[in-house]
Amino acid sequence: MDGLRIGFPDGEAVRGVSFDLTAGEVFALVGESGAGKSLTARALLGMVPRVATVRGKVLLDGGPVTPAHLGRRVALIPQDAMSALSPVHRVEDQLAFAVRSVSRAGRREALSAARGALAAVGLGPDAAGAYPHALSGGMRQRAVIALALVNGPALVVADEPTTALDPERREQVLTLLRERCAATGATLLLVSHDLTAVRRDADRVAVMYAGRITELGEAEPVLERPVAPYTRGLLASLPRTGLPRRTRLPVLAGAPPAPGAVGGGCGFAPRCPGADDLCRREEPVLRAVDGRAVACHHPSGEAA
Amino acid sequence: MTPLLDVRDLVVRYGTRQVVDRVSFTVGAGEAVGLVGPSGCGKSTTALAVLRLLQPAAGTVRFAGVDLTHLPERELRRLRPRFQPVFQDPHGALSPRRRIRDQIAEPLRVHGRWSRADGPARVDELMERVGLSPAHGLRLPHELSGGQCQRVVIARALATRPELLVLDEPTSALDPSLRAEILNLLMDLRASLRVGFLLISHDHAAVRHVSDRVLTMRDGRLIP
């Protein structure tokens with residue numbers, strides 16, 4: 001992905017995002033609502049709203065992404081499992097249909113592939129033959145994982161796949177997703193605001209703010225020792241053990257800018273405690289700092 | 001001293017399924033008690049039974065010494081202003097067609113405490129307390145962010161000066177930095193208003209941070 005920009009009538013929501021995905025890695029896009037992370041992820045699938053204008057390059061295996069890739073080379077796991085499943089077909093039939101839509105497999109062959117894929121995510125014959133409404137939220141999300149992976153895609157985009165689940169099931173589903181992707185060699189792009197999960201499951205992470213990447217690198221250093229002020233603020237606001245109880249949590253003052261409201265300078269400058277004239281004048285570009293890429297004029301740990 | 005809320009041997013059944021199984025706990029005046037557990041453990045059902053939005057099969061729920069479980073509707077309505085709910089999805093808890101101000105005023109009207117002389121000032125005060133500007137009051141819910149809507153819901157819950165707020169997943173629908181803002185707001189309100197909390201969430205870290213005591217539920221029971 002190179003220089004992705006996605007514009008809407010009220011302004012640009014994604015303003016120049018570039019990154020490469022390595023085959024087989026787990027790459028996380030994190031940030032608050034409106035940061036542009038879902039749009040960026042969906043641009044990888046060619047799924048952006050019709051009113052949006054997309055500029056920049058998104059290449060998959062060296063070529064542009066086309067609708068024909070969907071469900072074959074790339075697959076989406078949405079937040080709400082119900083929206084990926086048809087309520088009026090049995091789960092196994094939906095997978096079999098997906099198999100037959102990309103191959104010449106016969107009915108029986110496709111059904112057996114479907115059952116195999118469901119078994120691999122821990123759904124036995126009972127669940128496979130059920131309609132989606134009969135399954136729990138966690139089981140449905142497993143079915144969606146099986147559906148996404150059934151045709152062996154090279155890239156799986158999971159857009160907040162577990163936000164609707166409780167923490168224990170969230171961890172199980174993410175672990176399963178990561179394992180299944182590893183088993184099939186698929187690259188996983190995980191869009192999430194659950195920083196705890198990202199810390200546990202991602203190899204690399206890109207933190208987005210106001211349509212741009214502010215910090216990108218290996219998950220552990222970025223989340224343990226963030227250097228961009230936005231990443232630092234975001235992590236500091238998490239309630240966690242070890243923090244004195246019933247004390248105020250540090251919050252980022254103000255709100256993210258609306259699309260189109262970002263001026264010439266750094267998008268985070270109005271909320272940044274360390275912003276100066278340079279930050280308000282010039283938008284920082286990604287550069288290497290302390291083993292990661294950071295878009296900030298004054299990252300911490302760097303002499304002023 | 002009588003605790004503000006005293007729940008004893010609470011049992012709730014859906015059909016034949018027992019979802020809350022002999023749950024007992026108290027919340028003292030001005031105390032914040034957290035209730036955590038995985039989905040389906042019965043914590044939200046406990047909240048609904050405490051609010052008497054559903055009828056428990058057995059047990060008592062005493063609020064300020066009065067058992068709510070068998071209280072006639074008329075008397076219950078007289079007590080309701082003193083304990084108020086805050087639910088997870090703020091957009092779902094607000095009418096999409098009414099101005100924010102009017103929705104905050106709603107409990108005052110319902111409970112016959114609205115007067116033209118001092119009602120509007122009370123709404124202004126509530127909005128200020130939760131960090132909303134007067135301009136927000138003239139808008140509709142869809143014109144506010146999720147965090148702002150949750151502030152509206154909290155302001156509305158505080159309108160009748162309750163002694164207890166029952167908060168069911170108040171921050172689960174929010175982004176991390178917004179969540180921190182709402183948690184800070186809850187802690188500020190507790191300090192300034194001395195209102196008690198029953199805070200229900202699957203977010204252990206958030207509940208631990210805000211509460212004096214944390215209770216854990218599993219399969220319908222409190223685990224020690």
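**Entry 1: helix 9 of chain A**

I began with helix 9 (residues 229-236) of chain A, where six of the eight residues are buried, so the helix is largely enclosed by the rest of the structure. I counted a residue as buried if 20 or more other C-beta atoms lie within 10 Å of its own, as exposed if 12 or fewer do, and as partly exposed in between, with C-beta atoms placed from the backbone. Helices (H or I, at least four residues) and strands (E, at least two) are DSSP runs, numbered from the N terminus.

I note that this is a predicted model, in which local features need pLDDT of at least 70 and side-chain atom pairs count only at pLDDT 80 or more, while totals for chains, interfaces and linings use all residues. Residues are numbered from 1 along each chain as its sequence is written, and chains are lettered from A and ligands numbered from 1 in the order in which they are written.

The buried residues of helix 9 of chain A are A:P229, A:Y230, A:T231, A:R232, A:G233 and A:L234. I then looked up what covers them: the cover includes strand 10 (204-209), strand 11 (212-218) and helix 8 (219-224) of chain A, together with helix 7 (176-193) of chain B.

**Entry 2: strand 10 of chain A**

Strand 10 of chain A has five of its six residues buried, so this strand is also largely enclosed by the rest of the structure. I looked up its pairings, where two strands pair if DSSP finds at least two bridges between them. Strand 3 (residues 26-30) of chain A pairs with strand 10 of chain A in the parallel sense over four bridges; there, A:F27 has A:R204 as its bridge partner. Strand 10 and strand 11 of chain A run antiparallel and are joined by six bridges, with A:A206 opposite A:L216 of strand 11. In the hairpin of these two strands, two residues lie between the strands, and A:A210 takes a positive phi near 50°.

**Entry 3: the contact of chains A and B**

I found that 20 residues from chain A and 16 residues from chain B take part in the contact; residues are in contact if their C-beta atoms, placed from the backbone, lie within 7 Å. The side of chain A that touches chain B has nine nonpolar, four polar and seven charged residues. Here Ala, Val, Leu, Ile, Met, Phe, Trp, Tyr, Cys and Pro count as nonpolar, Asp, Glu, Lys and Arg as charged, and the others, Gly among them, as polar.

**Entry 4: helix 4 of chain B**

Helix 4 (residues 100-110) and helix 5 (residues 119-129) of chain B pack at an angle of about 115°, with their axes 10 Å apart. Axes are lines fitted to C-alpha atoms, for helices over the stretch in contact, and angles run from 0 to 180 degrees between N-to-C directions. Helix 4 and helix 5 of chain B are therefore roughly perpendicular (65 to 115 degrees; under 35 is roughly parallel, over 145 roughly antiparallel, the rest oblique). The residues in this contact include B:I104 and B:L108 of helix 4 and B:V123 and B:L126 of helix 5.

The axes of helix 4 and helix 6 (residues 146-158) of chain B come within 7 Å and cross at roughly 30°, which makes helix 4 roughly parallel to helix 6. Five nonpolar, one polar and two charged residues form the contact of helix 4 with helix 6 of chain B.

How values were computed: Contact = placed C-beta atoms within 7 Å.
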